[in-house]
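Please open the model in your viewer and keep a selection panel at hand.

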Amino acid sequence: MSQDQDAYQAAWEAAVDGAPMREVPFETMSGVPIDAVYGDGPFPGQYPYTRGLFPAGYRSRLWTMRMFAGFGTAEDTNLRFKDILRNGGTGLSTAFDMPTLMGRDSDSSWSLGEVGRAGVAVDTLADMEDLYADIDLSRVSTSMTINGPAAIVLAMYVAVAELGGVPRAQLAGTIQNDILKEYQAQKEYIYPPRPSMRIVTDMIDFTNTEMPRWHPVSISGYHIREAGSNAAQELAFTLANGFAYVEAAIAEGQDVNEFGRRLSFFFNSHSDFFEEIGKFRAARRIWARWMKERFGATDERAMMCRFHTQTAGVSLTAQQPENNIGRVAIQALAGVLGGTQSLHTDSFDEALALPTEKAARIALRTQQIVAHETGAALVADPLGGSNYVEWMTDEMERRAEAVFAHLEDLGNGSILEGVYAGIDNGYFVGEIADSAYRFEREVNAGRRIIVGVNEFTDGNEEGQANLLRIDSETEEYQRKRLETVKHDRDSAAVARTLGAVTAAAEDPSVNLMPPIIDAVESYATLEEIVMAMEQVFGTYVEQAIV
Amino acid sequence: MPEEHKIRVVLAKLGLDGHDRGIKVVARILRDAGIEVIYLGLRQTTESIVSAAEQEDADAIGLSMHNAGHLVLAPAMMAALDDADLDIPLIIGGIVPDVDVPVLQAAGVAAILGPGAPADEVVAAVRNAVAAAAT
């Protein structure tokens with residue numbers, strides 16, 4: 001064993017080739033020196049990456065502790081951003097309010113009561129100017145969590161950067177832009193699936209040629225899981241959506257090695273510890289195999305499933321909320337042992353409201369405890385080789401492959417067509433609702449124990465702690481701001497650029513991004529641009545099935 | 001109300017909020033308990049809900065809210081029911097902090113079901129609200 005381990009470690013050292021490591025002692029609390037990786041077979045960093053994407057694991061660099069934030073007006077969020085940057089952060093993560101996510105302006109009747117509540121409100125380029133005011137966009141990376149109107153928000157980001165003298169080619173960041181999971185889970189769609197997919201492939205193409213540092217899609221299982229799926233369904237549906245984007249982009253003549261390098265993923269980490277770890281390991285292996293064998297990728301970077309992880313919001317209980325700190329810690333550790341590239345930890349009070357500052361700090365501290373106190377970051381894939389974890393990894397893969405086979409069947413050999421068909425025939429929403437109901441019945445019957453909910457309920461009578469409240473002044477302020485912008489702009493230019501967006505929507509051979517950038521620069525509103533495309537694309541209404 | 005009357009409940013998501021896991025689970029819980037459920041789906045307006053409640057001769061309306069809009073949307077729904085002269089109990093489910101419960105009750109909401117409410121509590125809330133409205 002020890003001879004084998006010596007050989008494995010020596011081969012690993014050759015693989016990392018003198019790359020710099022973090023300056024921490026690589027030993028246990030008792031002073032036992034430890035190697036970077038244990039076992040046999042492919043290392044972390046070797047195809048198919050079951051054990052991780054990089055040979056050094058977290059020895060050279062910890063995961064990115066990326067916490068998601070956004071509230072109120074653009075100016076409020078701008079202050080929070082500057083605070084993050086002053087404290088050494090280099091990444092900004094933007095949460096938008098519900099009307100923005102749905103492509104509605106703050107003065108729409110649909111927006112009543114929702115403006116600035118769950119994120120920042122963006123109606124026009126003027127809000128984007130406030131949001132990123134006095135921030136050097138060539139030096140930060142920005143993550144924007146938006147899907148339906150993603151093209152418009154990306155156009156606003158490009159416009160605001162170029163107004164500040166930063167060329168689009170220098171912009172680094174990610175836009176979620178994963179429209180397929182919206183029909184399956186999160187339900188923030190605007191247009192039907194096929195025109196929406198055209199917008200996504202236009203964005204992939206546009207960023208390929210003009211924004212080489214931008215990640216145009218973050219393929220997200222998080223929302224699928226939150227909507228009620230189990231771990232295997234989250235894995236299967238997410239990777240199937242990924243295959244669908246790859247098929248669509250290849251069909252548009254794009255190079256899998258080019259765009260494949262810039263796709264990334266976003267998973268949930270729930271409480272069933274070993275199942276989650278198996279899921280993360282299986283995700284890397286499946287993605288690598290399909291990208292190489294099915295889609296012909298030859299660049300290793302295009303085979304790598306890079307992912308962000310967030311702990312499971314849906315697992316947080318309103319009962320005895322402090323218990324959630326324990327849940328989040330376990331879920332965070334699963335994400336780390338699963339090899340995530342970045343992590344958001346939920347705050348214990350989030351079953352009831354947006355987090356208070358103290359709760360958000362505890363959530364970040366939980367990651368820091370995992371990183372610096374547990375030793376989990378010293379060894380790459382420490383659970384690799386465990387009979388149970390390896391079996392679970394294989395089992396997750398088997399279950400996902402069964403779903404892929406079903407979708408291929410639905411799509412006559414095409415995963416893309418299979419995903420469209422599964423959206424049309426209610427397969428995804430049905431599977432997700434069934435799993436959610438099964439879970440609820442198990443909890444109701446007492447077969448599954450949720451601490452503080454159906455067992456160990458002493459303490460539930462305590463009153464709720466302080467919760468963050470967002471006042472409704474934001475809504476009034478934002479509506480007035482929009483009125484001023486509309487009054488001051490050149491309405492002829494707005495009409496002309498919106499007409500060009502509609503014309504581009506009518507012609508599939510034209511990329512939508514340039515006319516959308518022109519429209520945002522004329523201070524056309526988010527909703528006006530959404531409507532300019534809606535004339536051509538139509539809207540999507542989900543069948544109400546329970 | 002005669003014993004054999006089957007309770008009919010209109011369930012809907014009012015406004016932009018797309019979180020529909022809870023309301024779908026509630027729909028199945030109510031059906032399993034012998035209550036007739038008419039689920040309108042996402043992105044409903046107060047008008048569409050009033051009109052469905054009238055057409056379906058509903059005994060109660062259940063709305064699910066997860067985006068902190070309940071203090072605006074629940075009173076708006078009550079006002080729409082008043083305008084239409086519909087005396088049907090309104091039940092709100094979802095994320096409602098304790099401090100908001102009396103506010104919603106004062107606005108006329110018949111029952112509020114928070115996160116983790118067990119199935120029997122959900123069913124009882126509907127039956128009690130309908131029974132109270134009938135007296």
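How many residue pairs are in polar contact between chain B and chain A? The count is eight residue pairs, with both residues at pLDDT 80 or more; a polar contact is a pair of N or O atoms within 3.5 Å, where within protein one must be able to donate a hydrogen and the other to accept it, and residues adjacent in sequence count only if both atoms are side-chain atoms.

This is a predicted model, in which local features need pLDDT of at least 70 and side-chain atom pairs count only at pLDDT 80 or more, while totals for chains, interfaces and linings use all residues. Residues are numbered from 1 along each chain as its sequence is written, chains are lettered from A and ligands numbered from 1 in the order in which they are written, and side-chain values use heavy atoms, with hydrogens and water left out.

**The interface**

Select the residues of each chain that touch the other. Chain B contributes 35 residues and chain A contributes 38 residues to the contact, where contact means heavy atoms within 4.5 Å. About 3200 Å² is buried between chain B and chain A, 57% of it on carbon and sulfur atoms; buried area is the accessible area (1.4 Å probe) that two parts lose on being put together, summed over both. On the side of chain B, the residues that lose the most area to chain A are B:Leu16, B:Arg21 and B:Arg28, together 27% of what that side buries.

Next, select the salt bridges that cross the interface. The rule finds two between chain B and chain A, a salt bridge being a side-chain nitrogen of Lys or Arg within 4 Å of a carboxyl oxygen of Asp or Glu. One to display is the pair B:Asp20 and A:Lys187, whose closest N and O atoms are 2.5 Å apart. B:Asp20 belongs to the loop between strand E1 (8–12) and H1 of chain B, and A:Lys187 to the loop between helix H6 (180–186) and helix H7 (193–210) of chain A. Helices (H or I, at least four residues) and strands (E, at least two) are DSSP runs, numbered from the N terminus. Over all chains, the count of salt bridges comes to 38.

Now colour the side of chain B that touches chain A by element. Helix H1 (21–32) and helix H3 (70–83) of chain B each supply at least two of its residues, and H1(B) gives the largest share, eight residues.

**The sheet of chain B**

Hide chain A and select the strands of chain B. Five strands form an open sheet in the order E2-E1-E3-E4-E5 (chain B), with parallel pairing; two strands pair if DSSP finds at least two bridges between them. Strand E2 (36–39) and strand E5 (111–113) of chain B stand at the edges with a single partner strand each, so one side of each has no neighbour in the sheet. From one strand to the next, the twist averages 25°.

Within this sheet, select strand E3 (residues 60–65) and strand E4 (residues 90–94) of chain B, which run parallel and are joined by five bridges. B:Ile61 is opposite B:Leu90 in E4(B).

**The strands of chain A**

Two bridges connect E1(A) to strand E9 (residues 342–344) of chain A, and A:Thr64 is opposite A:Ser342 in E9(A).

Angles run from 0 to 180 degrees between N-to-C directions, and axes are lines fitted to C-alpha atoms, for helices over the stretch in contact.

Then select strand E2 (residues 91–95) and strand E3 (residues 141–145) of chain A, a parallel pair with five bridges, in which A:Ser93 is opposite A:Ser143.

**A last stop**

Finally, select the loop between helix H1 (2–16) and E1 of chain A, where A:Pro48 is found. The peptide bond from A:Tyr47 to A:Pro48 is cis, with omega near 0°. A:Tyr49 is in this loop too, and has a positive phi of about 65° although it is not a glycine.
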